[in-house]
Amino acid sequence: MTDSPKDSQLADLQMRYAFQEDLLNSLNSTIVEQGRRLDDLEQRYKRLQQAFTALAADVEQSRPVTNERPPHY
């Protein structure tokens, strides 16, 4: 019993559909994971930015106001 060309085409289309559906699910999972990682990186960036701003403010407060020459001049 041989498959007719239409049966063969239908089987090929079904196989392609299944492959594309699997690929779509895989890509969707990847995008969701990347979204989570991006959110995490944004939060880390904000915390680093706040820490840097606080550190810069501390450095500015600890600098002497006058422009004196260092003792080795």
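Arg-44 is partly exposed, with a relative accessible area of 44%. Here, buried means under 20% relative accessible area, exposed over 50%, and partly exposed in between, with a 1.4 Å probe and protein chains only. The model is predicted: local features need pLDDT of at least 70, side-chain atom pairs count only at pLDDT 80 or more, and totals for chains, interfaces and linings use all residues. Residues are numbered from 1 along each chain as its sequence is written, and side-chain values use heavy atoms, with hydrogens and water left out.

Arg-44 forms a salt bridge with Asp-40. The closest N and O atoms of this pair are 3.2 Å apart. A salt bridge is a side-chain nitrogen of Lys or Arg within 4 Å of a carboxyl oxygen of Asp or Glu. Arg-44 and Asp-40 are separated by about one helical turn, because they stand four residues apart in helix α1. Asp-40 is partly exposed, at 31% relative accessible area.

By this rule the count comes to three salt bridges. Arg-16 pairs with Asp-12, and their closest N and O atoms are 3.2 Å apart. Both residues lie in helix α1, four residues apart, about one turn of the helix. Asp-12 counts as partly exposed, at 29% relative accessibility. Arg-36 forms a salt bridge with Glu-33, with the closest N and O atoms 3.8 Å apart. Arg-36 and Glu-33 are three residues apart in helix α1, again about one turn. Arg-36 is exposed, with a relative accessible area of 54%. Glu-33 is partly exposed, at 38%.

The chain has one helix and zero strands. Helices (H or I, at least four residues) and strands (E, at least two) are DSSP runs, numbered from the N terminus. Helix α1 covers residues 5-62 and includes Phe-19. Met-15 also has its place in helix α1.

A compact globule of 73 residues would have a radius of gyration near 11 Å, but the chain has 31 Å. This radius is taken over C-alpha atoms, and the globule rule is 2.2 Å times the number of residues to the power 0.38. Along its principal axes the C-alpha trace spans about 100 × 25 × 10 Å. Met-15 and Arg-69 are 54 residues apart in sequence. Their C-alpha atoms are 80 Å apart in space.

Of the 73 residues, 0% count as buried. The chain exposes about 7700 Å², and carbon and sulfur atoms supply 56% of it. Accessible areas come from the Shrake-Rupley method with a 1.4 Å probe; for residues, only the protein chains shown count as cover.

Phe-19, Leu-23 and Leu-27 make a nonpolar surface patch of about 300 Å². Patches are made of residues with over 30% relative accessible area and no salt bridge; like charges are joined within 9 Å, and nonpolar side chains (Val, Leu, Ile, Met, Phe, Trp, Tyr) within 5 Å. Phe-19 is exposed, with a relative accessible area of 56%. Met-15 counts as exposed, at 56% relative accessibility.

The chain has 9 positive and 12 negative side chains. Lys and Arg count as positive, Asp and Glu as negative, and His and the chain ends are not counted. The centres of the two sets lie 8 Å apart. The place of a charge is taken as NZ of Lys, CZ of Arg, CG of Asp or CD of Glu.
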